[in-house]
Every structure is written in structure tokens, then in C-alpha cells.
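Me: I am new to this structure and would like to go through it slowly, asking what each label rests on.

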Amino acid sequence: MTPPPLDDTAVAQLVRDAAAAPSMHNAQPWRFRYARGSGTFRVYADFERAMPHSDPQDRALHLGCGAALFNLRVAVANAGLHPQVDLLPDPSDTSLLATVRATAPGDEQDTDLGLLHPAIRERHTSRYPFAETDIAEGLRSALMNAARREGATLAFPSSWHLRWVQELAEEAEARNLTDDGSAEDLARWTRTGSEEADTTPDGVPAYAFGPRKRGGRAPMRDFSGGRPSADLGATPFEVNPHLALLTTEEDGPHDWLVAGQAMERVLLLATAKGLATSFSTQALEWPDLRWPLRDPVSGTGRVQMILRLGYGPKGPVTPRRPVGDVLGFEP
């Protein structure tokens, strides 16, 4: 049985949930269209929000859109429907990333999807220090399984591999602070003035930068880029941060969308289990540093994201574009 099309108010709420997803520098590089007749969403990349230097292949852009796609799936499931997804359905249109048709639930329904819905609004990137508290092995396994269910792999590096990941991230951060292209991308998407931070619906506002790192090995980005900004102070971060590498076997647009969905599934589950989360993307922005992040034993896997997990304060709410700016309707 085909359910009736959603009304416009319900569609707007579903897209509002989708757009709560994380994206690099909170650029929110997505657009949605809803076909009332077929009850189908189309998810598009907004390439005007790309970062030509930090993300020249639009890999991170696809990850962000994949995260928004996963949130849409969760929201549709929470509404009692089944999200039927088709990735990259039109080879002639590279901006069309996915279609999602809301259908009646069936045997193929992912019953866990809807349970993640409360975490959509609770998840915020935290750029604050986390406690030096272990993450239980059972929870680690659950997070790894969450990534696996979406077709990706999540691994927690340890010992010398963890130190190597930290060193690569530190090298990348040092490069970014003196690289003109990285500085241009950062300047476009950070909001250092108080009025700008309060009124701009995208980017990273100064109040969300987090304190400057004074000691510790957590791979943190200096979002001020050396520019004047609100002083949030400096504080020690974790000496032994919990980092996780999200990987896929291949490295094209389809894999990036898979990785984005896996990333968001991990983040929502982590949030539901009381973990704070953030990202480290610096080493992924330099091809010569990204390649050595891969599994040191097998030498395979393409690292798509470095996640930082732990127990600590949740980050502040960052702005989102009005739904009317990212959603359109058609018959």
C-alpha cells in the first residue's frame, strides 16, 4: 500500500531534521526538492558552497550531504514510513546525489532508524576538552557496527598508529595556519564578529570555536586562523584522546555518500549513549597526509573522517539556514 504524499508542513519538518547534519565549516552544502505526486525527495549538492582549496574534489561536501541524507532517513522512519533510497540516480546530473521515496514500512524496514531521531537535535560538535575516561568496549563495538551497517568501517587506532594519526593532524594544522588557500576557505566560513555570529545562518560562529589548546594531544583546529576573535581562553585537552577512523574500500562520490551516512549513524548513536563528538579533518585536506592514515597492517581503506569521541560538554547550537532556503516543491 502506498501512503499518501506528505503535506508541506510535514515535509518542511523532515528537511529541518535533515539540515541539522554536520558539514565541513558548517557550510550546509545541500538542497532538497519534494515531488508531491510521488512522495519523493531529491537531495542535491550545492556546489556554490564548496571549498576549492580545502576540498578540491568535493569529498567533504559529499560527506556532509550524506549526513543530511541519513538524518532525512531517520526522520522519515520516525514518521512511521520507510525511506527507499537511490544514490546517484542520474549519471548526467552530478548535483543530484540521492532520491528518497517515503513508502509504507515492510520487511526491509530498519527498525533502529527511528530510535535515533531524538539525537538529531541533541548532537552538536563539541570543541571542548573531554575527560580522560575510557569508552567501554561494548560501546565501541556498537559504534563500529553502526558504521558497518551503512557499508563503512570504523576503527579505533591505538599505540603507535594513534600517535601517527595525531602527528599527521598536527602537521596538517601547522600547514593550514600558513597556507593562503586554507585561510581563504576558513575566512569565508567563520564568523568572528558578534553581530555576524548572531545573524548569519551558516558557518562557524566565534562562540563555537572552543578554547585554544594548551597542551594535550587532541587534534584541534584553530578556527580563528590567527585573526582576532572572541577570547574563549586556553586550556589543556586530552593527553589520550579517543580517535576513530571512518574508512571505505573505494574513494568516489558513491563511497563519500556512504561514508557520510555511516558517519552520521555513528554520531547519532554516540550522542544517544552520552558521548560528545567532534571532527578532525585537517590531515584529510592534504593528499600526502591523508594517504598514510590508512590501516597500517593491510594498507587498504580510504580514510574519510577522523572522529574524536569522549565524555565532556556538548557543543553549542550552531546556526542553520531557513528551511525555505534549502527546500523546493514540485507537483
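Reply: Two strands pair if DSSP finds at least two bridges between them, and helices (H or I, at least four residues) and strands (E, at least two) are DSSP runs, numbered from the N terminus. With that in hand, Ala45 in S2 is the bridge partner of Trp30. This is a predicted model, in which local features need pLDDT of at least 70, side-chain atom pairs count only at pLDDT 80 or more, and totals for chains, interfaces and linings use all residues. Residues are numbered from 1 along each chain as its sequence is written, and side-chain values use heavy atoms, with hydrogens and water left out.

Me: How do you know that S1 and S2 pair, and in what sense do they run?

Reply: S1 and S2 are joined over six bridges, in the antiparallel sense, and the definition asks for at least two bridges. Four residues lie between the strands of this hairpin, where Gly39 takes a positive phi near 65°. S2 also pairs with strand S4 (residues 96-103), in the antiparallel sense over five bridges, and there Phe41 stands opposite Val100.

Me: What makes strand S2 largely enclosed by the rest of the structure?

Reply: Buried means under 20% relative accessible area, exposed over 50%, and partly exposed in between (1.4 Å probe, protein chains only). Five of the six residues of S2 (residues 40-45) are buried, so the strand is largely enclosed.

Me: Why is Asp46 called buried?

Reply: Its relative accessible area is 10%, and the cut-off for buried is under 20%, so Asp46 counts as buried. Asp46 is found in the loop between S2 and helix H2 (59-78). With contact taken as heavy atoms within 4.5 Å, and residues up to four places away in sequence not counted, Asp46 touches Pro29, Trp30, Arg31, Leu61 and Arg321.

Me: Why is the pair of Tyr34 and Phe329 called edge-to-face?

Reply: Rings of Phe, Tyr and Trp (its six-membered ring) pair if their centres lie within 6.5 Å, and planes under 30 degrees apart count as stacked, over 60 as edge-to-face and the rest as tilted. A search of the whole structure finds three aromatic pairs. In the pair of Tyr34 and Phe329 the centres are 6.4 Å apart and the planes stand at 85°, which makes it edge-to-face. This pair links distant parts of the chain, since Tyr34 is in strand S1 (residues 30-35) and Phe329 in strand S13 (residues 327-330), 295 residues apart. Tyr34 is buried because its relative accessibility is 0%, whereas Phe329, at 25%, counts as partly exposed. Together with Phe41, Tyr34 and Phe329 form one aromatic cluster.

Me: How do you know that the charged end of Arg140 sits over the ring of Phe156?

Reply: A charge sits over a ring if NZ of Lys or CZ of Arg is within 6 Å of the ring centre and within 35 degrees of the ring normal. The charged end of Arg140 is 4.6 Å from the centre of the Phe156 ring and sits over it. The charged end of Arg175 likewise sits over the ring of Trp286, 5.1 Å from its centre.

Me: What makes the chain as compact as a globular protein of its length?

Reply: The chain holds 10 helices and 13 strands. Its radius of gyration is 19 Å, close to the 20 Å that the globule rule gives for 331 residues, so the chain is as compact as a globular protein of that length. That radius is taken over C-alpha atoms, and the rule is 2.2 Å times the number of residues to the power 0.38.
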